[in-house]
Amino acid sequence: MARVAAGSPVVLLETELGIDEHRDFDLRGLPNVTSAAALMTPRTNLGVQLALITGAHEFLGTCGGLAWLAPFLGVPTVAVCDSDEAIALHLLVARQAGRAAGAAGFSLLDLRAATRAGVIDTRMSTT
């Protein structure tokens with residue numbers, strides 16, 4: 001994320017609402033990174049996230065609901081995954097629907113391939 005933020009401002013769509021088992025990475029202190037958590041309430045979080053995505057130049061996120069939606073809002077998207085087994089059908093449908101609707105670009109970043117190629121190191125740092 002530090003590399004991405006070095007090139008352009010990053011807004012985190014984190015909610016800190018603890019709605020499900022997913023947790024956000026702690027990216028506080030990274031230059032050029034802002035959290036939108038203070039704007040989020042259970043009632044408004046999806047509307048806030050959609051408004052922020054709509055105004056974005058690009059979307060980078062995990063492969064899930066918002067990543068499928070961003071191209072249809074006209075925002076070029078890079079969706080990160082570590083397995084395509086659970087998303088293969090979603091990916092096929094999203095790409096076909098995106099082409100038919102004239103959606104913005106959608107690219108999948110497979111962490112397994114990037115790690116094997118030595119492009120990234122996915123080990124978590126504790127420092």
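In this predicted model, strand β4 (residues 77-81) runs parallel to β5, and the two pair over five bridges; strands are DSSP runs of E with at least two residues, helices are runs of H or I with at least four, and both are numbered from the N terminus, while pairing requires at least two DSSP bridges between two strands. Within this pair, A79 has L108 of β5 as its bridge partner. Both strands belong to an open sheet of three strands in the order β3-β4-β5, with parallel pairing. Because β3 (59-62) and β5 (106-110) each have a single partner strand, they form the edges, and one side of each lacks a neighbour in the sheet. Neighbouring strands here are turned by 20 degrees against each other on average, direction ignored (axes are lines fitted to C-alpha atoms).

F72 sits in the loop between α3 (65-69) and β4 and is partly exposed at 41% relative accessibility, a class lying between buried (under 20%) and exposed (over 50%).

Another loop residue, N32, lies between β1 (10-12) and β2 (33-35). Although N32 is not a glycine, its phi is positive, about 70 degrees; its relative accessible area of 40% makes N32 partly exposed.

Residues are numbered from 1 along each chain as its sequence is written. Because the model is predicted, local features need pLDDT of at least 70 and side-chain atom pairs count only at pLDDT 80 or more, whereas totals for chains, interfaces and linings use all residues, and side-chain values use heavy atoms, leaving out hydrogens and water.

Notes
Buried means under 20% relative accessible area, exposed over 50%, partly exposed in between (1.4 Å probe, protein chains only). Axes are lines fitted to C-alpha atoms, for helices over the stretch in contact, and angles run from 0 to 180 degrees between N-to-C directions.
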